[in-house]
Structures are given as structure tokens and as C-alpha cells.
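Subject: Structure handover

Hello,

Here is the structure I promised to pass on. Please open it first, then read the notes below.

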Amino acid sequence: MRSEKHPIILAIESSCDDTAAAVLSGGELLSNITAQQIVHAKYGGVIPELASRKHQENIVAVVDEALKVSGKLAGDLDAIAFTQGPGLLGSLLVGVSYAKGLALALDIPLIAIDHMQAHILAHFIEDPKPAFPFLCLTVSGGHTQITRVDAPLEMTILGKTIDDAAGEAFDKTGKMLGLPYPAGPVIDRLSRQGVAKFKFTEPRVAELDFSFSGLKTSIKYFLRDQTALNPDFINQERENICASVQESIVKILLHKMEDAARKTGIKEIAIAGGVSANSALRTHFEARARDLGWRVYIPKLAYCTDNAAMIAMVAHFKYLAGEFADLNITPKVRQV
């Protein structure tokens, strides 16, 4: 017997290069399975065509494992959720198509999920949870934005990147330094051995929006000029360069969040997305929290990077609100 208040939901995430599936029952996570794609590392970034092919190879096994670990059968499900966007079109199509087919076969509803909304509601998978209203800084390879959250399904974007995202700035810097992809975790590790002694341009962007293209350009020309003087500059100063770049990115994020908190008067501060795993970001935000009286919330690492548990959590709230999709729904590459 299907429950209206304690739905069992299978969620599928395929927005980029990880194929993920999770099962949630009454808001409680029963399984969260992810198949990562290592094929992109040698190219220094995600290759869309390769990503979609890998999703096709992985999705059946990932969904089967998520059901097995949860202890549920396909016939127990009340709904199928999937990432509608934003993301890579080919990757999204795999998840959308699979979700449609399964929902049709089981005669159960479909729930379309915004990937960015899911990152924010990842904070509700486990305790502690932020109180409403709260501000969420979402920082990932493709997105950087500040959102005011008044209820699970009531969100207002206050600021977002007008060009590149913070995660992209990390990865592009890593490429300039000859670091492996993804470069963010490597820069974080090397930064702990260095000193932030180099200064880069901090973009001046109106209101609460972000820009990281100018910072990338500043880093590029700095490295060009220094290596012209000393061809071995990068090898000699790699740790210090990493520490300096990381310090610049974190300060940009922190200054914008301080502005948002001051303008709204909100002291419940959440951080989401893959870059929220960065140690300097966590340290700086926790320090400012003590100074400004913020309460800072960061999900554990498994829920910061792309995962299906966060998709399932949004689906839980949408199911309770009766927000379902029909079979004509299509992926949206840009934010829904």
C-alpha cells in the first residue's frame, strides 16, 4: 500500500559525469549509490559525449544496487525522481529517459528536480539542519550562487556568477600549473604547504553577483610574467601559488556572503556544492561565524558533490506538495 505521507522514492542523478541513484523512504535515506567516471581525467575536463556513453553503461547497475541496498523492490516505489537540469544535455537525457521508462512501467509519478535546488536541500538529509529562513552559498564546478531559502520549495536567487564559477577557476588554475583534473582537491592539499603571498585582482561586481573570469585572467598573466623572468617559477612556487589562488577565491565568496547576510539580516548560513569541501573555505566561514554570530551548516562530503540523495530529498518535498511531471518533460541544460 503506497503512503501519501511516507513515500518511497527512487532518485536518479546524471547531470554531469557521475551516475547516481538513491532511495528515500519518508524522508529517510536508505541508499545512495554513485558510479564515478575516471575516463575524463586524462583530458583535463569532462568530455560530454564520453560522459553520456558512460551513463548508459552504468545506470542500470547503479539503480539495481540502490534498490538492493535499500531493501526495497521496484514495486514498492511511489515515485521516480530525476535531475531535469542544469547539466550536460546528453547526460541528462540518459537519466530522464530511464526515469520515464521506469515510471511508465510501474505506473507511478515522475518528479523533475532542479540540480541547484537539490544541492541546497542536501542540508536536510542529516542533522543538523538550518532553520528557515537561511542563506545558502552553492559553489561547484559549474555554478556559484547565493540563495535565500524561506521553505523547502520557496527559494529566491539573490546573486549568481555572471561568467565562470569558482570551481572552474580552481580547475583552470590547476591546468595552468600542470595539476591533474579535477584540480580543486589538489590545490587545497598543496595550499596547506604554502603561504598566500601573491595577490590577484578581486573582481568588482554589482550587488551579490560573482565573476571569476577576471581572476583567471589575472592568474594567467601573473604566471606568464613570472615564468618569463624565471622559467622554473611554477615548480619553485607551486604551493605558494596554490595558497594564494585559494585565498583569493575564498575571500571573494566570503565577502559576497557577508554582504548578503548584512542586507537580509539572516544569520543561518549554509554552504553547498563540491567546492564546500575546500578546507580553507570551511575554516574562513567558521571563523567569520564566530565573529558575526552566524550559524554555519555544511553537509558531509558525500552530499556536497553530485549525488542522488539530494535529488531524492527535493523529490520528497515535491511529492508531499503534489508537484509531479508528465511524460512530455524534457531536460534543461540551463538552470530550471
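Start with strand β1. I8, L10 and I12 point one way from β1, I9, A11 and E13 point the other way, and all are buried. Buried means under 20% relative accessible area, exposed means over 50%, and partly exposed lies in between (1.4 Å probe, protein chains only). Strands are DSSP runs of E with at least two residues, helices are DSSP runs of H or I with at least four, and both are numbered from the N terminus. In a regular strand the side chains alternate between the two faces of the sheet.

Some ground rules. This is a predicted model, in which local features need pLDDT of at least 70 and side-chain atom pairs count only at pLDDT 80 or more, while totals for chains, interfaces and linings use all residues. Residues are numbered from 1 along each chain as its sequence is written, and side-chain values use heavy atoms, with hydrogens and water left out.

**The sheet around β1**

β1 covers residues 8-13, and six of its six residues are buried, so the strand is largely enclosed by the rest of the structure.

What does β1 pair with? Two strands pair if DSSP finds at least two bridges between them. β1 and β2 (residues 19-25) run antiparallel and are joined by six bridges. A11 stands opposite A22 in β2. The two strands form a hairpin, with five residues between them.

β1 also pairs with β4 (residues 79-85), this time in the parallel sense, over four bridges. I9 stands opposite A79, and I12 stands opposite F82.

Now the whole sheet. It is open and has five strands, in the order β3-β2-β1-β4-β5, with mixed pairing. β3 (28-35) and β5 (110-114) are the edge strands, each pairing on one side only. From one strand to the next, the twist averages 20°. Axes here are lines fitted to C-alpha atoms, for helices over the stretch in contact, and angles run from 0 to 180 degrees between N-to-C directions.

Two helices lie across this sheet. Helix α2 (residues 89-106) lies across β1, β4 and β5, and runs at about 160° to β4. Helix α10 (residues 308-321) lies across β1, β2, β3, β4 and β5, and runs at about 135° to β1. Contact means heavy atoms within 4.5 Å.

Strand β7 spans residues 144-151. Six of its eight residues are buried, so β7 is largely enclosed by the rest of the structure.

β6 and β7 run antiparallel, joined by six bridges. T138 stands opposite Q145 in β7. The hairpin from β6 to β7 passes through four residues.

β7 and β8 (residues 154-160) also run antiparallel, again with six bridges. A151 stands opposite E154 in β8. Here the hairpin passes through two residues.

T264 counts as partly exposed, at 26% relative accessibility. Which residues does T264 contact, leaving aside its neighbours within four places in sequence? They are L135, R148 and L158. T264 and R148 are 116 residues apart in sequence, yet 8.8 Å apart in space, C-alpha to C-alpha.

**Helix α8**

Helix α8 has 14 residues (279-292). At 1.5 Å a residue they should span 20 Å, and the end C-alpha atoms are 20 Å apart, which agrees. The expected span is 1.5 Å times one less than the number of residues.

Its buried residues are A280, L281, F285 and A289. Seen down the axis of α8, they fall within an arc of 170°, so they line one face of the helix. That arc is taken from the directions between the helix axis and the C-beta atoms. On the other side of α8, R290 and D291 are exposed. The buried residues pack against β6 (134-139), α5 (184-191), α7 (233-264), β9 (268-272) and β10 (295-297).

**Cysteines**

How many disulfides does the structure hold? Zero, where a disulfide is a pair of cysteine sulfur atoms within 2.5 Å. The closest cysteine sulfur to that of C136 is in C304, 9.9 Å away, which is too far for a bond. C136 is buried, with a relative accessible area of 0%. C242 is buried as well, with a relative accessible area of 1%.

Best wishes
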